[in-house]
Amino acid sequence: MNSGKKRRARLKQERLEKRENAKRVRVSGQLSKYELSQKLKVDRDALAPNRSYGVPKFVERGYYEDMPFICKDCGVIQVWRSTQQKWWYEVMKGDIWTISVRCRPCRKQERDRKTAARQIHLAGLNAKDDAKEVGQNRTDGETTTR
Ligand SMILES: [Zn+2]
């Protein structure tokens with residue numbers, strides 16, 4: 001009944017699992033290889049709600065798995081880590097039907113491009129407003145310049 005207690009227990013469990021994983025990494029001595037096969041449990045309750053029928057594969061099988069993909073912009077082979085997937089779906093509440101399509105540098109580039117496009121768009125809107133203002137002001141014989 002006590003959800004705070006439950007939550008603490010879960011966090012403790014997660015910490016234990018993490019430590020356990022770290023131990024295994026040290027034992028194997030092959031961090032990258034181990035990381036590539038690292039599986040992470042899916043917390044269904046933490047996923048963003050979705051109205052579609054059926055569920056993606058990772059929900060069905062119940063764990064995240066490192067997923068290789070090819071960046072759609074530069075064509076470099078990338079790995080979408082299980083940890084990144086968990087973060088995307090459960091922390092960021094990303095749509096469960098979305099997957100990573102760009103490498104990190106390309107993602108940043110795309111973000112910058114979108115930001116720039118938005119700024120240009122907004123600047124255009126402001127310019128329009130200014131033009132209106134100037135038109136209005138003109139009627140009382142006054143114009144503003146910036
Ligand atoms: Zn790329």
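These legends accompany several close-up views of a predicted model.

**View 1. The whole chain, element by element.** Residues are numbered from 1 along each chain as its sequence is written. Because this is a predicted model, local features need pLDDT of at least 70 and side-chain atom pairs count only at pLDDT 80 or more, while totals for chains, interfaces and linings use all residues. Here you will find 5 helices and 4 strands (DSSP runs numbered from the N terminus: helices are H or I with at least four residues, strands are E with at least two). Followed along the sequence, they give the pattern α-α-β-α-β-β-β-α-α. Of the 146 residues, 6% count as buried (buried: 20 or more other C-beta atoms within 10 Å of the residue's own; exposed: 12 or fewer; partly exposed: in between; C-beta atoms are placed from the backbone).

View 2. The chain averages a pLDDT of 83, and 77% of the residues score at least 70 (pLDDT is the predictor's confidence in each residue, from 0 to 100). Confidence is highest in α4, at a mean of 96, and lowest in α2 (residues 31–36), at 52. Over residues 25–31 pLDDT stays under 50, and the model has 3 contacts beyond four places in sequence for them (contact: two C-beta atoms, placed from the backbone, within 7 Å). Where pLDDT is low, the predicted coordinates should not be read in detail.

**View 3. The buried face of helix α4.** Zoom in on S82, Q85 and Y89, the buried residues of α4. Seen down the axis of α4, these buried residues fall within an arc of 55 degrees, so they line one face of the helix (the arc is that of the directions from the helix axis to the C-beta atoms). An α-helix has 3.6 residues a turn, so residues three or four places apart point the same way. The cover over the buried residues of α4 includes β1 (39–41), β2 (63–65) and β4 (77–80).

View 4. K93 sits in the loop between α4 (82–91) and α5 (104–139). The phi of K93 is near 55 degrees, a positive value in a residue other than glycine. Most residues other than glycine have a negative phi. K93 is exposed, because 12 other C-beta atoms lie within 10 Å.

View 5. P49 belongs to the loop between β1 and α3 (57–61). P49 counts as exposed, because it has 6 C-beta neighbours inside 10 Å. The C-alpha atoms of P49 and D95 are separated by 8.3 Å, although the two are 46 residues apart along the chain.
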